[in-house]
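This report describes selected features of one protein structure. Please examine the sequence and the model before reading on.

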Amino acid sequence: MTQRAEDYYVSLGMPKLPESYWQKTQFIKPRDRDVVCHASAWDMTMDGDVRTKMCIKPNEEEFTTIYHELGHIYYYLAYNNQPPLFQTGAHDGFHEAIGDTIVLGMTPKYLESIGLVNAQQQTNEALINAQMRMALAKVSFLPFGLMIDRWRWGVFDGSIKPDSYNKAWWELKAKYQGVAPVTARGEEFFDAGAKYHVPGNTPYTRYFLSHILQFQFYKSLCDAAGHKGPLYECSFYGNKEAGQKYWAMLGKGSSQPWQKTMKELTGGEKMDASAVLEYFAPLQTWLKQQNEGQSCGWQAAAAPAKG
Ligand SMILES: [Zn+2]
């Protein structure tokens with residue numbers, strides 16, 4: 001599975017992973033000890049000793065996670081020639097967006113070309129299903145990604161007090177996600193702790209930003225590859241022009257303001273969601289029809305007891 005993911009990056013003209021990667025990476029869960037299985041990617045020496053740490057199981061979700069983690073690895077490798085201070089993402093969101101951009105390029109056509117799916121009949125229903133599945137992963141993530149750091153920052157600046165950690169958590173979930181617990185969750189619970197990044201103290205806005213950025217990166221690579229037709233059909237697998245543009249951006253690390261790095265790839269200096277809308281245009285049309293006459297949205301009442 002990892003070799004297959006590597007192959008996508010190599011097809012873009014990027015280097016093969018170093019031999020040490022294959023020797024030192026944790027691919028599967030060790031049998032003799034406890035480990036943290038949450039997938040991560042590491043640049044051990046800022047000089048080519050890159051590794052991933054996962055407990056890979058042979059399923060689709062983990063397959064795409066490998067492509068995501070290799071995005072971090074290729075970013076490391078590309079900016080390894082920068083001075084140490086610049087060996088980091090242009091901003092936090094860039095690092096998380098690199099691999100996900102490649103994941104967007106894992107179109108049905110690509111999956112067919114590597115023998116993972118059979119040739120699909122291109123019906124509108126199949127398209128809407130594929131779009132809905134992707135939207136549940138990418139669009140539904142946005143309010144979640146935002147509320148995690150709204151909560152963390154509230155804790156840090158003191159506006160969320162220890163005696164209302166759980167209350168604030170569920171208020172934010174109601175406000176941004178429209179999600180409420182099945183039964184009341186009082187302060188005897190600490191539901192935020194179930195999210196890896198909270199006890200792990202990992203900033204989360206990077207993922208929110210990444211979910212906007214990756215569609216902008218994707219569109220730019222599609223343009224570089226000369227893609228014609230609807231955006232969601234674009235795969236740049238094997239396209240050296242797209243790969244060269246991407247590799248050049250990765251190599252900049254944080255050696256210049258992110259706006260400049262962004263402009264070199266996308267032509268613009270602003271993060272915006274227009275590429276998200278372009279990608280999901282068929283689904284948006286379908287949803288408008290389905291929801292005609294309905295009033296959408298929710299009342300943000302946090303506690304179920306309030307009814
Ligand atoms: Zn990541």
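A polar contact is a pair of N or O atoms within 3.5 Å; within protein, one must be able to donate a hydrogen and the other to accept it, and residues adjacent in sequence count only if both atoms are side-chain atoms. A polar atom of the side chain of glutamine 216 lies 3.0 Å from the backbone oxygen of lysine 270.

The model is predicted: local features need pLDDT of at least 70, side-chain atom pairs count only at pLDDT 80 or more, and totals for chains, interfaces and linings use all residues. Residues are numbered from 1 along each chain as its sequence is written, and side-chain values use heavy atoms, with hydrogens and water left out.

Contact means heavy atoms within 4.5 Å. Leaving aside neighbours within four places in sequence, glutamine 216 is in contact with residues including Met262, Thr266 and Asp272.

The zinc ion is coordinated at 2.1 Å by His68 (NE2), His72 (NE2) and Glu96 (OE). Donors are N, O and S atoms within 2.8 Å of the metal (3.2 Å for Na, K and Ca); water is not among the atoms, so sites may look incomplete. Along the chain, the donors follow the spacing H-x3-H-x23-E.

| Residue | Relative accessible area |
|---|---|
| Glutamine 216 | 8% |
| Histidine 68 | 13% |
| Histidine 72 | 7% |

Technical notes: Buried < 20%, exposed > 50% of the residue type's maximum accessible area, 1.4 Å probe, protein only.
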